[in-house]
Amino acid sequence: MSERKPRKILEYTVECPICRRNFKIEEFLYDMPLVGEIIISSGKCVNCGYRWNDVRLAEIKGPRKIVVEVRDPNDVNALVVRSSTASIVIPELGVEIIPGPASLGYITTIEGILLDVLDKTSFLCEEGDAPPETCAEKKKMIEKARNGEVPFTFILIDPEGTSTIVSDKARILPLEKKEKEGEK
Ligand SMILES: [Zn+2]
């Protein structure tokens, strides 16, 4: 019987990006069903409360991108392991999630990422950064995509090869030069 409980493998201290005090990070190895071994990193600053989490495959696969053509409502249920260095691009919806220095890694589904994009779009719209028609149109498109009414291409650009998508529709492709360099 294999042990399914996360096992602590490492603990280290870095500088908190917010308050510059000591920031302890713990790493756990976990054998995740359908995915395999993953490493979960988790840290919280005891001084300012800043939190950081990451998740990555234990086995590094090398630079690659993973593409899922979403064509029916079930496709959005595909599990996504997105490490903090991976980008997400959905050309049909104008979505580009590019990792920054404080980027987090997470495990979610394609639908979970669409909901996150919807939240951020609503926030930007309330801030008045885009004309209301554009906002309403974009939100409608994302809702339709979520319900499988609009086909779209979900692309995970993974320069370190530590992310994955659990779907029988997932195709693994090499990175193009500009994607390796992290340019748009
Ligand atoms: Zn702090």
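Biologist: What is the order of the strands in the open sheet of five?
Modeller: This is a predicted model, where local features need pLDDT of at least 70, side-chain atom pairs count only at pLDDT 80 or more, and totals for chains, interfaces and linings use all residues. Residues are numbered from 1 along each chain as its sequence is written. Strands here are DSSP runs (E, at least two residues) numbered from the N terminus, and two of them pair if DSSP finds at least two bridges between them. With antiparallel pairing, the order is E8-E7-E10-E5-E12.

Biologist: Which strands stand at the edges of that sheet?
Modeller: Look for strands with a single partner, because one side of each is then left without a neighbour in the sheet. Those are E8 (95–97) and E12 (171–173).

Biologist: Which residue in the turn between E1 and E2 has a positive phi?
Modeller: Happy to show you! E1 (residues 7–15) and E2 (residues 22–32) run antiparallel and are joined by eight bridges, with lysine 8 partnering phenylalanine 28. Six residues lie between the two strands of this hairpin, and the one with a phi of about 70° is arginine 20.

Biologist: And how many residues lie between E2 and E3 in their hairpin?
Modeller: E3 (residues 36–44) runs antiparallel to E2, again through eight bridges, and glutamate 26 has serine 42 as its bridge partner. In the turn, leucine 34 has a positive phi of about 75°, and the number of residues between the strands is three.

How values were computed. Helices (H or I, at least four residues) and strands (E, at least two) are DSSP runs, numbered from the N terminus.
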